[in-house]
Amino acid sequence: MTDVVSRPPVAETDPAPDHGLRSRLAGAYLTWLPLLLIAFGIALRLRQYASRRSLWLDEAYLSLSITDFDYGELSSRLLYDQAAPLGYLWAAKTSVLLIGNNEYALRLPALLAGVAALFLTWRLARRLLSAWLVPAAVGLVAVWPKLVYYSDEAKPYGVDVFAVLLVLWLTARWAEASRSRRTAVVWGLTAGIAIFFSFAALFAAAAGGLAIAVKALLSRDGRRIVDTALAGAILGALLAVVYVVTIRVAAGNDVVRSAWLSGYAPLPFRARTYASWLADMATGFMTDPLEVQLTVVGLLLLALGVVAVVARRRTVGLAVLLVPLVVLAAATVQAYPVLLRFILFLVPLALIVMTAALDVPKRLPRPASVVVSVLLAAGLAVTVVPPVLAGVGVLGRPMTVTETREIYAQVAADARPGDGVVLHTAAVATFQYYGEPLGLQQDAVVSMRRLPACDDQAQLAKLRSYDRVWVIFAHALSTEPDAVAVYRSRLDTVGTVVRTVTGEGNAAAVLYDLSQPPEDVPEPLAPFVRGSAWSSRLELPPDPQPSKDPECLHTISPGHLLALLAVAGAVGDRDLERADAALEQFSGDLRFHPEPG
C-alpha cells in the first residue's frame, strides 16, 4: 500500500499571487502615480489661472504692446523697452484676438506651456533616473511654486521651461536612435522653431548639440557625425532667421542690456573675481528662482545628482549639465543674464538632478548604502518640503503680486468730474491697461527717483486746480521698498483722507481733500529715503536744457508734489523745520540744495 503524502494548500506555498500583487503595485507606482501627480500639477495650474489675478507691473509692460500693436509692429521695439521672442508675442496676440483682451488670453500661452512641461518632465526623468525615482521628480515639478506661478504669467518665462525640456527630450531621443538621420532633422527643425518662441531654447539646443557631437566624435561613427553636422546646419539656418526677426531687436536695446547688467559676469575678467561671481550665482540660484533655504544641502544634492545622471545616461546627462554652463558662458560674454526668472528654465532640471542624488548610494556596499540613502533622502526632504507645501497651498490661496483691477474700477465709479489722479511709478502700466479703458486720465506720476532734468511746471500748474486728488499705488518696487509707506505717511499730513480703497500687494487708492488740512496731523516717517527727498524746501539744481524725454511730460518729483500741497496751505511749519534739519544732514549725499532762507 502506497502512502499518500498530503500537500499543503497551494495558496499557502505558491508565491505567484504575491508576485502578481507586487507587479501590479510596481506598475501603479511607475505608471499611474506619475500621471496622478501630473493631473494634480495641472489642477494647481488651472486653480492659479482661474483666479484671474490682476496684471502686475512687469506683465502690464509687455501686455500693452501685445494688445496695442499688430503682428508686424510686434517685431519692432516694444513699449517700455520690453524684450520677448516674436513667436511668443504672436501666440499671445492670437490668443487675445480669439478670446478677448483680458488676463485669461494674455496668460494662455504660459498655461499651455506649463501643462505640456509636466509631460516632458516625465519623459525626460524616465531617461535620467532610476524608475523608482521618476514619480518623485515629476511630483516636485508638478507642485513647485515658481513653476506653478509662471504657468500663469503674461511673460515668456513659462514657455522657456517648456522649450528647454522639449529640446532636451528630443536630444535624448536622438542619442538613443539607432538610425539617426531622420531624428537629427527633426531635432534641428524643432530646436530652431523653439528658439523663435523662447530665447532659452538656444541654450538647450547648444547643450544638446554639443553632447551629441561629443558622442559622435568619440564613437567615430561617420554616419552619426554627418547627421550631427546636418542637424547643426538646419539649426544654424533657422537661428539666423530668428536672430534677424527677433533676437536682434532685443540685443540692440540698450535699456534691456542695462537692466541685465546685474546678471552679467564682472569685467574686466579676473580669475578671483570671476570665481566669486560664480559662487554668488550658484547660491543666488538656490535662493531665487529655485527657492530652497538649505543652500549647502541643495548644492550637495545637485553635485551628487550630476554624477548620477551622467553615469546613467552619458549623452543626455552631459546635455543637462551643459545647459547651465552655456548660460554662464553667455553671461560671461555679456549676452544673457544669470538672473532670477530669466533662468527659471533651470528649475525643473535642478529638481530632476537633485532627485538623482538618491541613485548614488546603490553603488556603495550594503551597510554604507543604507546609511547614505537615509541621509540623502532626509536632506532632500528637508530641502523641498517648504516649497512643496507652498505649492500645494495654491489650491486654497492662489498667488498674486498686486491686485489693482478692482482698485481702478472703484476709482472710476467714485471719481467726480475735476478730480486729479496721481500715480506712483509702479502703477503707471497697470493704470494704462485697466484705468484708461474706464475713462480715467492720469495727471501726474510721482517717482521716488530724482529726475532733475524733467520740467514739470505744466503739471504743477494743472494740479493746483484740484481740490480732490486720488493717489494710486501698486506693489512696492525692489528699488523703492518703502515707497508706499513713505508716500502715505507724508500725504496724510497735508490733506484729509476722504476714502481709501485697498487691495493685495500694496495696491491702494487714497482720495485726499487738499482744500482743508487734517484735524490731527499724524507723525510722518522720515522725510528722506535713500536717493530721494521729501522736503518742500528742496530745490533741484537747474538744468539749462531740460530733457525732452516723454517721461518728463507726465512726471512730477516728490519734492515738487509736496511743494504743491504746501501751496494749498496744508504743510505746517513744524514739518518744514524737520525737513530742513534732515536736509542739512543728507543734502551732501543726495546732491540737493536747500532753498535760501
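Select α13 (271–287), α14 (295–312), α15 (314–332) and α16 (346–356): each supplies at least two residues to the lining of the second largest pocket. Helices here are DSSP runs of H or I with at least four residues, numbered from the N terminus. The model is predicted, so local features need pLDDT of at least 70 and side-chain atom pairs pLDDT 80 or more, while totals for chains, interfaces and linings use all residues. Residues are numbered from 1 along each chain, and side-chain values use heavy atoms, without hydrogens or water.

Next, display Phe285, Leu302, Pro324, Leu328 and Leu346, which lie nearest the pocket's centre among its 21 lining residues. The largest contribution, six residues, comes from α15. A pocket is an open set of points on a 1 Å grid over the protein atoms alone, where a 1.4 Å probe fits, with protein on both sides within 12 Å along at least five of seven lines; lining residues have an atom within 4 Å of a point.

Then move to Arg53 and Glu59, whose salt bridge (a side-chain nitrogen of Lys or Arg within 4 Å of a carboxyl oxygen of Asp or Glu) has its closest N and O atoms 3.2 Å apart. Both residues are buried, that is, under 20% relative accessible area with a 1.4 Å probe, protein chains only.

Finally, select Arg341 and Asp58, a salt bridge with the closest N and O atoms 3.0 Å apart.

Terms used:
Buried means under 20% relative accessible area, exposed over 50%, partly exposed in between (1.4 Å probe, protein chains only).
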